[in-house]
Amino acid sequence: MERMSGLDSLFIQMDTPREYYHTIKLHILEPGADLLDMSWKEMKLVFASRLHLVPRLRQRYLGVPLGLNHPVWVDDEDFNLDYHLLRVGCPAPGSNVELCELVSELYSRQLDHSRPLWQAWVIEGLEGGRMALFLMISHAYADGVAIQGMMARFWDTHPDTPASTSGPAWQPRPLPSKWRLLADGLAELPAVFAGNLPAVIRGARAGRKIRQQWQDEGRELPPSPGGAGHAETYKTRLSGPHRKFVIHSFQLARFKRIGKAFGATLNDVFLAVTSSAIREDLIRRTGKPPVEAELTSVPFSLIPPAERTREGNFVTTAYALLNVQVSDPLERLRACQHSAAIMKAYVEATKEANVLASMNLVHPWLAVLLGRLNEASGGDLLPVTNVATSNVPGPRKELFIGHSRMVEYYSIGMITNGTTVNLTVWSYGDQMNLCILVDPEVVADPWGMVEAMESGLAELEALVPQESKPA
């Protein structure tokens with residue numbers, strides 16, 4: 001048995017039939033040069049032969065009786081690949097529109113908590129003879145960067161013939177009894193408090209000290225939920241179980257060229273282009289330009305992947321402004337750059353405020369209670385924002401599965417009670433791949449946001465000095 005961390009456990013306890021805590025990984029595949037496409041049979045063989053490389057995918061969780069400690073990961077004695085790996089045809093003509101409608105439908109259902117918390121769909125019939133591998137996997141397993149590392153064990157850096165046999169025989173370890181779960185949970189409980197409570201106290205003091213120091217120095221503090229100076233236009237509780245998901249692939253060089261010309265990071269450019277999209281959506285809604293910035297949450301990794309000793313979640317949440325109230329594209333970029341710089345400096349300054357230790361003290365029964373109260377309040381209870389944004393560096397090398405080449409790679413987290421719009425970019429090779437996930441009761445047509453992001457990017461490109469543009 002392996003005990004979950006408090007943050008991992010939170011994603012289990014908050015998961016409901018209306019509020020999903022599983023993430024999306026979408027891989028678009030095309031046949032190799034020899035036109036040997038991956039068949040359904042071959043895809044199953046790849047999964048069967050490589051599952052042993054990712055042991056967590058054959059594990060489910062067990063709760064501790066009375067919720068006295070965090071759940072544990074255990075081997076699934078009844079693991080059946082046929083439940084977790086399925087196939088479906090995409091409606092004709094198989095464009096991104098039909099693909100995203102299908103993914104939206106497949107995503108909008110809770111994963112079975114009595115099994116390992118993932119499911120993959122092989123989607124056939126895409127335009128140009130392409131195929132997609134759509135993976136839903138619980139955030140409880142790991143954060144986005146760590147899941148990327150887990151799933152990299154399924155990919156090759158060159159075309160290869162799938163193994164002709166499945167991997168080693170599955171030999172699950174016996175499930176622990178309820179008495180064992182209870183005894184171990186109680187025995188480990190003192191260590192949970194002894195190992196985390198001092199860190200929480202030190203962290204809280206450090207956070208207060210930094211905040212007071214910044215105030216004394218007259219430095220600008222980052223925005224926060226419930227604070228002044230920004231709007232919460234998309235504020236609404238999730239009204240039902242439905243989601244809308246859309247994708248779009250940009251050339252990474254476009255973001256780099258703008259960043260180089262104006263001394264901005266890729267993330268600065270992404271936030272500025274996202275601000276353009278939100279601004280256009282707000283104008284369509286209200287008929288007039290917004291007058292306040294919108295607040296967005298941004299995940300930050302606390303421990304680099306190379307320094308982690310286990311799988312799981314090692315992230316915190318920071319906040320920045322989407323400067324939708326600024327009409328000039330370059331001024332909007334500068335404003336987003338300013339807000340992002342404050343956010344990053346504050347995250348760096350407050351790293352000692354140990355968020356992970358704090359989460360280890362939030363026990364399952366309290367997490368469930370918080371989730372239900374947060375749902376009842378429409379997302380007011382927890383420090384969430386209506387809009388979530390994320391920019392994650394993905395694989396740099398071209399990847400293959402069998403003979404098929406991965407031509408696009410998309411990934412995004414969740415939307416939750418209070419957070420109804422999520423925009424995430426995930427780089428892959430020379431691409432910047434965008435996902436948008438929304439509550440359809442809040443944003444009926446997220447494709448409009450995609451078009452607005454293209455327009456916002458083009459506006460900034462037009463301002464790049466001529467000497468900075470490629471010949």
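In which sense do β1 and strand β4 pair, and over how many bridges? The two strands pair in the antiparallel sense, over two bridges. The legends below refer to a predicted model.

**View 1. The open sheet of β1, β4 and β3.** Three strands make up this open sheet, in the order β1-β4-β3 and with antiparallel pairing. β1 (2-3) and β3 (59-62) are the edge strands, each of which pairs on one side only. β4 spans residues 72-75. Within β4, V72 is the bridge partner of R3. Strands of a sheet pair through backbone hydrogen bonds, in either a parallel or an antiparallel arrangement.

**View 2. The largest nonpolar core.** This core has 76 residues. Those with the most contacts inside it are L26, L99, W118, I123, F134 and F245. Strand β7 (residues 131-138) gives the most to the core, contributing seven residues. Apart from this core lies another, of 44 residues; V298, A320, V387 and V442 are among them.

**View 3. Surroundings of F245.** F245 is one of the residues with the most contacts inside the largest nonpolar core. When neighbours within four places in sequence are left aside, the contacts of F245 include I24 and L26, then C100, V103 and S104. F245 is also in contact with I412 and with C435, I436 and L437.

View 4. Helix α5 covers residues 144-151. A146, I147, Q148, M150 and M151 of this helix are buried.

**View 5. The whole chain, for orientation.** The protein chain holds 12 helices and 16 strands. Its radius of gyration is 23 Å, close to the 23 Å given by the globule rule for 471 residues, so the chain is as compact as a globular protein of that length. Taken along the principal axes, the C-alpha atoms fill a box of roughly 60 × 60 × 40 Å. Of the 471 residues, 55% count as buried. The chain exposes about 20200 Å², and carbon and sulfur atoms supply 55% of that area. Among contacts between residues at least 6 apart in sequence, 80% join residues at least 24 apart.

Note on methods
Residues are numbered from 1 along each chain as its sequence is written. This is a predicted model: local features need pLDDT of at least 70, side-chain atom pairs count only at pLDDT 80 or more; totals for chains, interfaces and linings use all residues. Side-chain values use heavy atoms; hydrogens and water are left out. Two strands pair if DSSP finds at least two bridges between them. Helices (H or I, at least four residues) and strands (E, at least two) are DSSP runs, numbered from the N terminus. A nonpolar core is a set of buried Ala, Val, Leu, Ile, Met, Phe, Trp, Tyr and Cys residues joined through side-chain atoms within 4.5 Å. Buried means under 20% relative accessible area, exposed over 50%, partly exposed in between (1.4 Å probe, protein chains only). Contact means heavy atoms within 4.5 Å. The radius of gyration is taken over C-alpha atoms; the globule rule is 2.2 Å times the number of residues to the power 0.38. Accessible areas come from the Shrake-Rupley method with a 1.4 Å probe; for residues, only the protein chains shown count as cover.
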